[in-house]
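Me: I would like to learn how to read a structure feature by feature. Please give the general idea each time, then the case at hand.

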Amino acid sequence: MEINELKSLAKQSFYLILAAGILAFTVNLFHNRGFVLMSKESLKDNRVIFINTDEAKIRYDGNTALFLDARDPEEFAQEHVLGAVNLPASPEDLLPERIKARKNALDLPKDLIFYCDYKCTSAEKTARRIVRDGYPRHVYVIEEGFQEWVKRRYPTGKSPAVTEAKDR
Amino acid sequence: MSRMRALISSLNYGNRFVSVFRLLLGILFLYSGFMKLLNPYAFAGIIGQYNILPDVLAPYAALLVPCMELVAGGLLLLGFRIRAASFLLFFMMIAFSIAIAINLIRGASFHCGCLELGWLGIDESISLKLILRNIVILGLLWLIFNARKHPLSLESLIEREKLSHI
């Protein structure tokens, strides 16, 4: 490659990065969650890891994680992951109280796996809340939701809402 | 054998195959950049999980990386400034692969946040398979970078236009 060619490549690359930078700035300016100014602390919120149903099942089989159902108590009573604890995300203002009520379960030395229905936000919301509260272990969310767990015929149980982890 | 050699030299020179790769990669990077920009928070979290960049820089990277993918992907698709776009994407893919490799060695396991192809049933948790996929993309980017002619591109259209005036 000739020097001139290299120079022009470097120049073009620079302009390209500059264009990307301007775009990034503009996106940040108009993004509804105006973003770069977020603190290091709120970055911790994002340490929620999305996993698929099979990855969740591996952790279920290894008994290394506590499953938390973020759906309503009625849905939980109909069917849930066997051994899961119900921690409904709504209404939001009751969440801190609910988390406190499940303290014994959450204090177990286990990772947490949240789930709700497919494409729902309650599991993620609750998971972020727990991370923000400083939960020291991994916090996962099953991306495909509970339906996929049922579809794969993984173990489920039917019982009224429980707040404590049950031994499987 | 000679047909093989002809194909290689035609790929090197730039033929329709290279253009198809360019268009496909352009769409892929545009899509992946756009999806990441929809939720920069989540992408910053993923960058945080890689545990390579200082936390302070993660939010900035979470905006700049998707924008670079958008700009470079868009240029690849248009066929304008192709060499610079493929050059940048090439180095970005190398950086991503190194980041994945480091975390594989650390024994970490998380969603890679790379091309957002989970809806196609493609598992994007960090793995050796993902590095191999990146190597294939690197190969294609190299082909695009190396090619002298790019049919179906804005550059070739401009060149043809210039030549018609001579």
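Me: Is A:Lys103 buried, partly exposed or exposed?

Reply: Buried means under 20% relative accessible area, exposed over 50%, and partly exposed in between (1.4 Å probe, protein chains only). A:Lys103 is partly exposed, with a relative accessible area of 47%. Before going on, note that this is a predicted model, in which local features need pLDDT of at least 70 and side-chain atom pairs count only at pLDDT 80 or more, while totals for chains, interfaces and linings use all residues. Residues are numbered from 1 along each chain as its sequence is written, chains are lettered from A and ligands numbered from 1 in the order in which they are written, and side-chain values use heavy atoms, with hydrogens and water left out.

Me: Which side chain does A:Lys103 meet in a salt bridge?

Reply: Side chains of opposite charge can pair when their charged atoms come close. The rule for a salt bridge is a side-chain nitrogen of Lys or Arg within 4 Å of a carboxyl oxygen of Asp or Glu. A:Lys103 meets A:Asp107 in this way, at 2.8 Å from N to O. A:Asp107 is also partly exposed, with a relative accessible area of 47%.

Me: How many salt bridges does the structure hold over all chains?

Reply: The count over all chains is 10. One of them pairs A:Asp61 with A:Lys57 at 3.0 Å, N to O. Both residues lie in helix α3 of chain A, four residues apart, about one turn of the helix. Helices here are DSSP runs (H or I, at least four residues), strands are runs of E (at least two), and both are numbered from the N terminus. A:Asp61 is exposed at 54% relative accessible area, whereas A:Lys57 counts as buried at 15%. There is also a network of salt bridges that links A:Asp54, A:Glu148, A:Lys151 and A:Arg152.

Me: Which parts of chain B does the pair B:Glu159 and B:Lys149 tie together?

Reply: The side chains of B:Glu159 and B:Lys149 form a salt bridge of 2.8 Å, N to O. B:Glu159 lies in helix α7 (residues 154-165) and B:Lys149 in the loop between α6 (128-146) and α7, so the pair ties together parts that are 10 residues apart in sequence. B:Glu159 is partly exposed, with a relative accessible area of 39%, and B:Lys149 counts as partly exposed at 32%.

Me: How many residues of each chain are in contact where chain A meets chain B?

Reply: Contact means heavy atoms within 4.5 Å. By that rule, 31 residues of chain A are in contact with 36 residues of chain B. Buried area is the accessible area (1.4 Å probe) that two parts lose on being put together, summed over both. The two chains bury about 2900 Å² between them, 70% of it on carbon and sulfur atoms. The rule finds one salt bridge across this interface. B:Arg83 and A:Glu5 meet in a salt bridge at 3.1 Å, N to O. The largest share of the side of chain A that touches chain B, 13 residues, comes from α1(A).

Me: Which residues have the most contacts inside the largest nonpolar core?

Reply: In soluble globular proteins, nonpolar side chains tend to be buried together. A nonpolar core is a set of buried Ala, Val, Leu, Ile, Met, Phe, Trp, Tyr and Cys residues joined through side-chain atoms within 4.5 Å. The largest one has 67 residues, and those with the most contacts inside it are A:Leu16, A:Phe67, A:Val81, A:Ile113, A:Trp149, B:Tyr50 and B:Leu76. Helix α4(B) gives the most to this core, with 12 residues. A second, separate core of 20 residues includes A:Val48, A:Leu68, A:Ile99 and A:Leu106.

Me: Where is the peptide bond that joins A:Ser90 and A:Pro91, and is it cis or trans?

Reply: Most residues other than glycine have a negative phi, and most peptide bonds are trans. The bond joining A:Ser90 and A:Pro91 is cis, with omega about -5 degrees. A:Pro91 is found in the loop between β4 (85-86) and α5 (95-101) of chain A. As for phi, A:Arg153 has a positive value near 55 degrees. A:Arg153 is exposed, with a relative accessible area of 77%.
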